[in-house]
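Me: I've got a protein to look at and I'm new to this. Can we go through it step by step?

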Amino acid sequence: MRKPIVAGNWKMHGTLESARALAGEVASAAAAHPAVGIVVIPPFVHLHAVRDAIGSADVALGAQDVSPREEGAHTGEVSTRMLRDVGCRYVLCGHSERRQYQAESNELVAQKFMAARRAGLLPILCIGESYEERERGETEQVLRAQVEPVLRLGGPAAFESALLAYEPRWAIGTGKTANPEQAQTVHHFVRSEIAHYSATIADLLPILYGGSVKAANAAQLFAQPDVDGGLIGGASLIANEFMGIVSAATPRN
Ligand code: 13P
């Protein structure tokens, strides 16, 4: 069974003070949800303070990006070792905002993903199509092209100890969520792409959905068999709303 995971991507929001406060609220509420893996992903400069605010609570720390290189003259970059050192367990690779505004290619994203794997971090490979690509019927082709370089560099084993996040670009920050059937169809497609290489790895791979997830729509999305939790943007900045989403991810049987 895949444990549900709900990760809050705080993007470029907040101050040191607000980051500490939000992390503290999530940490205090986390004990009530032991069946869900909770992850907070603050901006780099807030990681250390957020780690301290989490303390011993069962909340994992993640970073929004990482350098594919190990060390050296790379001004502005942050290495996998630095992330490990500050207490990160997860790292986003290829968030659509980085693909779009920083022109990150599928190839570069795969290199970041592999660097994270080598360092023992859990990479979350973010994939997703634009509205136009969906309208042109290119969704599967776009997603395949985003996953393929990782398979080329690391084989199917690259997806052991890793996660995928399907975030359709047209659903991010727009209030337009993919409906549960749309999400399920894509998640199933992506899982079967990996299953061509290894059914076991595909079966264990957590695939999160991201894009305008809120406490009010989360339960329907998470009820889909191939949706293993969420990658939450805007709603993760409000502790109550975020914990509502965590609650919706709690397995009920
Ligand atoms: P929103 O939840 O704000 O749509 O953002 C989704 C996202 O990009 C999470 O990484």
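Reply: Contact means heavy atoms within 4.5 Å. Helices (H or I, at least four residues) and strands (E, at least two) are DSSP runs, numbered from the N terminus. This is a predicted model, where local features need pLDDT of at least 70, side-chain atom pairs count only at pLDDT 80 or more, and totals for chains, interfaces and linings use all residues. Residues are numbered from 1 along each chain as its sequence is written, and side-chain values use heavy atoms, with hydrogens and water left out.

Me: Which residues touch the most other members of the largest nonpolar core?

Reply: A nonpolar core is a set of buried Ala, Val, Leu, Ile, Met, Phe, Trp, Tyr and Cys residues joined through side-chain atoms within 4.5 Å. The largest one here has 67 residues, and those touching the most other members are V6, L83, F113, L125, F159, Y209 and F222.

Me: Which helix gives the most to this core?

Reply: Here we're counting the residues that a helix puts into the core. The top giver supplies six residues and spans residues 239-248: helix α11.

Me: Is Q146 buried or exposed?

Reply: Q146 sits in helix α7 (residues 139-154). Leaving aside neighbours within four places in sequence, Q146 is in contact with R99, N106, L125, I127 and G128. Its relative accessible area is 7%, so Q146 counts as buried.

Me: How far is the backbone nitrogen of G128 from a polar atom of the side chain of Q146?

Reply: We can check this pair against the rule for a polar contact: a pair of N or O atoms within 3.5 Å; within protein, one must be able to donate a hydrogen and the other to accept it, and residues adjacent in sequence count only if both atoms are side-chain atoms. For G128 and Q146, the distance is 2.9 Å.

Me: How far is an oxygen atom of the ligand from a polar backbone atom of G173?

Reply: An oxygen atom of the ligand lies 2.8 Å from an N or O atom in the side chain of K11. For a polar backbone atom of G233, the distance to a ligand oxygen is 2.9 Å. For a polar backbone atom of G173, it is 2.6 Å.

How values were computed:
Buried means under 20% relative accessible area, exposed over 50%, partly exposed in between (1.4 Å probe, protein chains only).
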